[in-house]
Amino acid sequence: MKKILSVFLSVFLVLGLFLPAFADDASAEIDYTSGTPWLCSCLDGNVTADTKTPDLSEDFYLACNIEALRNLQIPEGYYTYGTQDQSAVQLDEDIMELFTSEPEAGSHDAQLALNLYSLYTDWDSRNAVGVTPLKKLTDEVERIDSLEALTEYLGNTPVEDQLFSLFTVETSVDLDDSSAKILDIKSSDLTLKDSAEYQNLTSLGKGRKDAAETLVSRILGKLGYSEEEAAAKIGNCLSFETQLAPVMISEADQRKPDYFEKVNNHYTRQQLTEAQGNVPLVDFLEKASGYPETDSNMLEEPDWLSKLNSLYTEENLDLIRDYLIVHGVIDNADSLDRECHEWKKAYDNEVKGIVGDRSDELVISTIITDKLKWPVARLYCERYLSQNDKDRISGLIDEVISEYHGIIEEADFLTDETKAAAIKKLEAIDKQVLWPDDWSKYDSRDLEIASAADGGTLWEAVKAIARYDTDQSIRQFSEPVDKDWWDLVPNTFNCGYNPQSNSIWIFGAFARGDIYNAEMNDEDLYARLGMVIGHEISHAFDSTGAQFDLDGNMKQWWTDEDWAAFRERNEKLNEYFKKIHPWEGQDLAENKTGEACADMGGMKCMLRMAAKKDGFDYDQFFRSFADFWMEKETLTMVYIYCDDEHPLPYLRVNCPLQQFDQFLDLYGIKEGDKMYLAPEDRVNIW
């Protein structure tokens, strides 16, 4: 729920809980307590014993949470901690317990997870193998001495045997037709992640760059390269990326409402062949990966492919080769020996802003959860989740959807025609709660991993998983669209809305502990999981979700007049956030019209439901909501929020609340108070 409500996977809108973060070198020169209109109280170090307790009318978030913030400490190995994070930390420990408690395997999937854990923790074998498997791959790339040889490597070497590639492809759902599959083709990773960093390097980008240079130079040294050779390879990689980056979509562009229009570029096989020029993209799809020949292709960044073709020359061979090597080193570092494992952990800590260190068991269980998503997910669900909670939460979703009828019907900026279409979309929303009803779709019966005791090696297992994942994507491409398919596993600490299936998703790991439990009263239930559900339903009608119809097709279902009025309200919301500064001189990223809209829509829905409850304690509800978002974050995490579509935690409380008379009247908040917002200045879209 933090950074959970963002566009994720394809077109998945999630609640927005956790994001990577990075250090800022200029921190000593900035007064981080100079925020307006409120102190950035979620930043670790901003709330101290000397911080004055504000009145509720001045800063509701801080007034409710000040004692907790004074005493809260971010645990070793994390970059944020608070009410929600306690459940996230518990999730990590629960997952680790699946492996360290030596459970009975019981199933093929469970045995896969246990075998992979045995391989990751067999340090004697890992140290004995060292970097030998990686060296075989880097040596193969080093032997590429011509453009022809590079083309052969990228186009014909099985994808799991490639060190790295210039392309990424996955099976997706057609944005125009949610009943059809499409091959989604996009660029590979950039070292600095965001293409905008190559034109204007920020402190966040510098943190990524420094961490990558340290990790890569260390491992290249183990592979036999000198310091000078390693530095040259990193420089070549960055030089290649710098030439590509200007035509690649930036993270800021990904947040804009027209993002999906820009990436929705359909290509036939013939058009793709013509567009690729000398670049072996089609061969990579069909020969290296194994996808069938198809006219259903979506090329997200045509300008990127055009630029890549212009760079695909003998003169740039060294740059391209070193790009593959640098990224191959980063991707494979955690599958090597103990020393590389420690270096990769230090890299992750740096780029994610993690404080302190986590145990090997915790780090490895997290890696396994990422590589063997569904086997681990099933183990988790069978041990920790209950059918009673699944049924109760499903009923709560029905209540929220029912209440949203009134919100739409009372929207005075819409005509009856658009209201009717919105109601149809609302009523068509599907719900996926805690875990999938049909586990058979997610078993891994075709995957085999030999344990350490049976002579298996970690490197072989990782490559087998990579091939299996590609084969699964190929298989899914040839099958009908399954709108009940879970793109994210139940042990995801998040919730989401998928506009392509018009579905709300409440993942099992999120609905536990202080976020949801069976004993909660209505006040806490509405302030926490109820708000989240209302938030996700609101995503169906935010600046992104509103572009998709009830069947999940990217299609205009609004009247032109209503769409213009909707966009005007979104722009007013953007202008509202431009006046908020976490500290002097620090702006917030634009285009918070998805997440902020959903926060405010969720609050409106909960207040409507509360009004129907006799004796509802609004003070408890509002305070519980403030506690729900109570957390501390490292400076790097806060910087990420500043540059993200999700508001900072203190803004996810204060901003929604000041839109509603129920809150202002309860606490006697009046003009001149910082929590007051005049009716004409309010920006709640719905």
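**Note on aromatic contacts in the predicted model**

1. Phe 566 has a relative accessible area of 0% and is therefore buried. This value, like the others below, comes from a predicted model. Trp 563 is likewise assigned as buried, its relative accessible area being 17%, which falls under the 20% that sets the limit for that class.

2. Trp 563 and Phe 566 also form an aromatic pair, with 5.4 Å from centre to centre and 35° between the planes, an arrangement classed as tilted. Both residues belong to helix α22, where a separation of 3 residues places them about one turn of the helix apart.

3. Under the pairing rule applied here, the model contains 39 aromatic pairs. In one of them, Tyr 32 and Trp 583, the ring centres are 4.7 Å apart and the planes meet at 80°, so this pair is edge-to-face. Tyr 32 and Trp 583 are both buried.

4. A single aromatic cluster is formed by Phe 60, Tyr 526, Phe 616, Tyr 618, Phe 621, Phe 622, Phe 663 and Tyr 667.

5. Charged groups over aromatic rings also deserve a mention. The charged end of Arg 338 is placed over the ring of Trp 123, at 4.0 Å from the ring centre, and the charged end of Lys 425 sits over the ring of Phe 541, at 5.7 Å from the centre of that ring.

Conventions
Residues are numbered from 1 along each chain as its sequence is written. This is a predicted model: local features need pLDDT of at least 70, side-chain atom pairs count only at pLDDT 80 or more; totals for chains, interfaces and linings use all residues. Side-chain values use heavy atoms; hydrogens and water are left out. Rings of Phe, Tyr and Trp (its six-membered ring) pair if their centres lie within 6.5 Å; planes under 30 degrees apart count as stacked, over 60 as edge-to-face and the rest as tilted. Buried means under 20% relative accessible area, exposed over 50%, partly exposed in between (1.4 Å probe, protein chains only). Helices (H or I, at least four residues) and strands (E, at least two) are DSSP runs, numbered from the N terminus. A charge sits over a ring if NZ of Lys or CZ of Arg is within 6 Å of the ring centre and within 35 degrees of the ring normal.
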